[in-house]
Amino acid sequence: MNKLSFRSMKGRKALSPFLNYAIVIAAFLAVQLALKMDMVSNSMQSLLVPVCCYVVMAISLNLTVGVLGELSLGHGGFMSLGAFSGIIVSVALKNLVPLSPLRLAISLAVGALFGAAGGVIIGVPVLRLRGDYLAIVTLAFGEIIKNVMQVLYIGVDEHGLHMSTKEAGLLLSETGTAIVKGPMGAVGVTKLATFTAGFLLILLTLLIVQNLVHSRAGRAIQALRDNRIAAESVGISPTKYKLIAFVISAALAGAAGALYGLNYSSTLASKFDFNTSILILVFVVLGGLGSIRGSIVAATVLTILPELLRNFDVKEYRMLIYAVILIVVMLVTNNPTLWSWIARFQRRKAEEKGGAEQ
Amino acid sequence: MKYTPREPVKLVPVPSTNKIPERDIDKSPILECRHLGIDFGGLAAVKDFNMAIGRTEIAGLIGPNGAGKTTVFNLLTKVYQPTRGTILLDGMDTNTMTTVQVNKAGIARTFQNIRLFNNLTVEDNVKLGLHNQVRYGLWSGIFRLPTYWKAEKQARERAMELLSIFDMGYLAHFKAGSLPYGAQRRLEIVRALATNPSLLLLDEPAAGMNPSETAELMDTIVKIRDTFGIAILLIEHDMNLVMGICEGIAVLNFGQIIAKGTPEEIKNDPVVIEAYLGKKKKEA
Ligand SMILES: Nc1ncnc2c1ncn2[C@@H]1O[C@H](COP(=O)(O)OP(=O)(O)O)[C@@H](O)[C@H]1O
Ligand SMILES: [Mg+2]
């Protein structure tokens, strides 16, 4: 019979998720060790939480773009929703929940909730349509969130939350504080975010996304990506499973946004603009569509790379080198000749072992 | 959206049907098409299509390329909404149903242009066929609750069982897209069977197969009908296969049925020979 010129997925599939946990845990421990030994510069230290946020953002966007196969250009919008809702909750609960890790956890959960709500609002009308409408709608969504947050004033006092489009319209009592101040963004935030919290959020994200992908719902999501008509023909509802993937993705982006917002004493709405959405998309595409590990590595490397280059004496060429590295990585990760070349070697190894032939 | 069975439509004599095998004759047909038709931009791709299929019948739909055979499948599975006519599945009108609902109601199909989930493994493809057979919730899956392990084990065992129909168990962990052509066609059949259909539609199952593979496929199709006790409607150009295993045959030409009957009757029908078989013979 004909030789089977393809590879079994068995070993790879079973091992891959655990390897991702291992990589993240190892990286966390290594950084902790480096911190103890005082080997991390201040500017690098300030990047630790943002790196965690971007890793979560990249994994979450990969769920939409790589696993579901729908393009989203407004992931920054969900991050923004999470950031501002998380900040507001953390300030509002300052006296009620004095324990900061708990307050942080609650803020992240609320951020995730708001992200998910945004996902539902966008997803329900758009994902029932056939065709690529999600990209354009999410693009608009990101811009709308940004513009709305730039005119909104939100404050809190003992009567609860106050919202207005003018600072004077907040009508806060004397003990109240204005949290979001329109174009000035969120101000006076207590920095609750820690590297450990970011690490735990990454682990939780990995748990949710990887387990989802290898479950009944995750298979249905991938089936819709591979062949929508075939998926429908075996009784898989497209709207339902697209929505599940998109809302989970938006919720994780919301949590990452909350963590990001709570890492700075002030946050501008313009931080979560189109450029941020595209940056996260670049992480996903460079890391490889559908590759969780790729997203983790790409988000980490590309976030710290500009900072690393700053350390070398290449000031003028910093962004040039950054661009060159981007291009090289893109060529390498998406180069079919290179991959088939690697595949040939692995195949030869499998044949030596007398693998799957009949 | 949950599918709710509706009042059965009263059965009236079908204007004309193909020959249903004797063992099915006193039972109501699993599928009945009445005056089915569809227009594409004013052009009738299928017109006045009438056909009934017995509960355990293997029926054939043949005709030259472009006759409208695949379009009939697309109408039955609601990929297209019919312009005219009625489809009764087990006496139930499918007019308001979607593709998903039609599958849940019992029609499964394969595709002329293979449509597998190429980036997923063979086993996952079959498990996707089992999507509505072996169920557990989203959260059980994400947090790996006991129901997840139980259902996944069940799904894996059932998938391997179904794959063994074509002795494809050893391919379980290969990517579907990397399989040879013939294996992809067989996998499509397994995936369709996994949805537990009462009517299986096969669109050119032997296309691209060599004579020995085709002979094997013929045996397997009959075996599937016998073990699952289901009806099978197949489109095929291979006359050995069609004449060899179909009990009733309908011949389609320019969207219209020009003949119906047993293989013997079709072979000897002058209209068919003229429109279809005759032309083939001249070509050959
Ligand atoms: N979606 C469509 N839009 C327009 N014409 C179509 C469509 N689908 C099928 N047709 C036409 O219907 C006719 C029958 O096609 P088809 O059912 O695929 O034939 P076959 O009998 O070879 O399977 C062809 O002329 C084809 O061009
Ligand atoms: Mg066809």
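Okay, quick definition before we start: two strands count as paired if DSSP finds at least two bridges between them. With that in hand, remember that we're looking at a predicted model.

Let's take chain A. Strand β1, residues 153-157, pairs with β2(A) in the antiparallel sense, and there are 5 bridges. To pick out one of them, A:Gly155 has A:His162 as its bridge partner in β2(A). Step back and you get an open sheet of 3 strands, antiparallel, in the order β2-β1-β3. From one strand to the next, the twist averages 20 degrees. Then there's helix α4 of chain A, residues 75-92, which packs on this sheet and touches β1, β2 and β3 of chain A. The direction of α4 makes about 175 degrees with that of β3(A).

Over to chain B. Here β1, residues 31-40, and β4, residues 84-89, pair antiparallel over 5 bridges, with B:Arg34 bridged to B:Thr86 in β4(B). β4(B) also pairs antiparallel with β5(B), residues 92-93, over 2 bridges, and there B:Leu88 sits opposite B:Asp93. That hairpin has 2 residues between the strands, and B:Asp90 takes a positive phi near 55 degrees.

Now, confidence. The predictor gives the complex an ipTM of 0.90 and a pTM of 0.88. Chain B averages a pLDDT of 90, with 90% of the residues scoring at least 70. But residues 8-12 of chain B fall below 50, and that stretch has 10 contacts in the model beyond near neighbours in sequence.

Conventions. Residues are numbered from 1 along each chain as its sequence is written. Chains are lettered from A and ligands numbered from 1 in the order in which they are written. This is a predicted model: local features need pLDDT of at least 70, side-chain atom pairs count only at pLDDT 80 or more; totals for chains, interfaces and linings use all residues. Side-chain values use heavy atoms; hydrogens and water are left out. Helices (H or I, at least four residues) and strands (E, at least two) are DSSP runs, numbered from the N terminus. Axes are lines fitted to C-alpha atoms, for helices over the stretch in contact, and angles run from 0 to 180 degrees between N-to-C directions. Contact means heavy atoms within 4.5 Å. pLDDT is the predictor's confidence in each residue, from 0 to 100.
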